[in-house]
Amino acid sequence: MFSAYGCEVGVVGESTLHQRIPYVYIGNDKSNCIIVQGGIHAREHITSLLVVNMAKHLLKRNDLLLLGGIYFLPMVNVDGVRLAQEGLDFVKSSKRRQELIDLNGGSIDFSLWKANIRGVDLNVNFDASWGKGEQNVDYPATANYIGSKPESEKETRCLVNFTREVNPLATLSYHCKGEVIYWRFGQTMNKLWMHYRLAKAIAEDTGYALAHDKGSVGGYKDWCIHQLGIPAFTIEVGSDYYKHPYPYSDFFNIFRINKDVPRKLLNSVVKMKQTAVKHSIIKNGIPIDDEVDYQLITQDSVDDNQEQLDNITNCTDEQPDNHSS
Ligand SMILES: [Zn+2]
């Protein structure tokens with residue numbers, strides 16, 4: 001469908017089982033882009049449907065202003081998602097099939113599987129305090145295995161290399177579930193404040209709560225913040241009212257809430273970049289621009305106001321009730 005509309009579709013790389021990890025690009029300026037990714041945890045495949053439909057939404061609504069471009073990566077863990085959805089039939093190696101059954105406690109029902117096809121949890125396999133997470137395990141499992149080293153997995157390396165290549169201004173990672181937004185990973189001073197403003201804007205737009213899980217490290221969002229210094233957000237869609245595998249009957253509710261988040265984030269970070277450039281030239285106050293989707297840029301955002309930073313820390317350190325994502 002996407003190529004029929006004349007937009008760029010491509011491959012980020014290949015999975016362990018040589019399946020293609022696809023992307024679609026929509027926009028007009030690759031030097032100002034963001035990445036939106038989903039399906040890194042197998043059982044959260046509703047986020048793949050979400051990311052594809054976000055891209056479709058932008059195609060259909062070509063009247064909406066885009067100040068740059070968006071790379072949509074709907075399914076990073078293509079092998080894992082297929083395992084969760086289809087079971088073992090597509091896995092050719094009988095040895096691997098048996099290993100997967102063993103890891104899955106003897107069951108052939110893989111609908112709750114989170115890891116990749118090698119039993120590595122991709123969202124703890126990134127080089128950002130790797131191996132220091134509270135729930136990390138050091139053996140293959142359905143979830144939480146960190147891998148033999150950072151970026152040990154093909155899918156992780158694909159995402160890392162692609163991200164370095166396109167050099168995004170921000171990233172959005174879609175997970176399920178809990179209706180919360182994670183945005184912290186050791187930011188300080190101005191960066192903490194500016195990333196917080198973005199997170200708060202997304203929270204107000206979606207109605208999701210801001211959260212901070214200090215025990216969770218090694219994820220893609222963490223890597224983007226730590227290694228690239230860019231704002232990065234993990235958005236947990238879907239209510240804890242439901243259990244995994246998350247019911248597709250709730251999809252349109254999730255889509256309605258999130259469909260404009262990528263565009264608004266893109267436009268906001270592009271404006272931030274442009275304003276920062278302007279600011280560094282004129283060394284003057286930053287004007288508020290009515291066209292910014294998330295009203296982020298005020299003089300406050302460039303002040304090192306310790307009291308404000310303390311407030312940010314205090315109001316977002318609470319971990320919400322347990323939700324598995
Ligand atoms: Zn997840």
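This briefing summarises the fold, the sheet and the nonpolar core of the structure above. The model is predicted. The protein comprises 9 helices and 8 strands, and 45% of its 325 residues count as buried.

**Overall organisation**

- Of the contacts that link residues at least 6 apart in sequence, 77% are between residues at least 24 apart.

**Sheet**

- An open sheet is formed by 8 strands, whose order is 1-2-4-3-5-8-6-7.
- The pairing within this sheet is mixed.
- Strand 1 (8-14) and strand 7 (209-211) are the edge strands, each of which pairs on one side only.
- On average, and with direction ignored, neighbouring strands of the sheet are turned by 25° against each other.

**Pairing of strands 6 and 8**

- Strand 6 (residues 180-182) and strand 8 (residues 232-237) run antiparallel and are joined by 3 bridges.
- Tyr182 has Thr234, in strand 8, as its bridge partner.

**Nonpolar core**

- In soluble globular proteins, nonpolar side chains tend to be buried together.
- In this model, the largest nonpolar core contains 79 residues.
- The residues with the most contacts inside this core are Ile34, Phe72, Ile181, Ala199, Phe233 and Leu265.
- Leu265, one of these residues, touches Ile34, Ala170, Leu172, Leu198 and Ile202 when residues up to four places away in sequence are not counted.

Conventions. Residues are numbered from 1 along each chain as its sequence is written. This is a predicted model: local features need pLDDT of at least 70, side-chain atom pairs count only at pLDDT 80 or more; totals for chains, interfaces and linings use all residues. A nonpolar core is a set of buried Ala, Val, Leu, Ile, Met, Phe, Trp, Tyr and Cys residues joined through C-beta atoms within 7 Å. A residue is buried if 20 or more other C-beta atoms lie within 10 Å of its own, exposed if 12 or fewer, and partly exposed in between; C-beta atoms are placed from the backbone. Two residues are in contact if their C-beta atoms, placed from the backbone, lie within 7 Å. Two strands pair if DSSP finds at least two bridges between them. Helices (H or I, at least four residues) and strands (E, at least two) are DSSP runs, numbered from the N terminus. Axes are lines fitted to C-alpha atoms, for helices over the stretch in contact, and angles run from 0 to 180 degrees between N-to-C directions.
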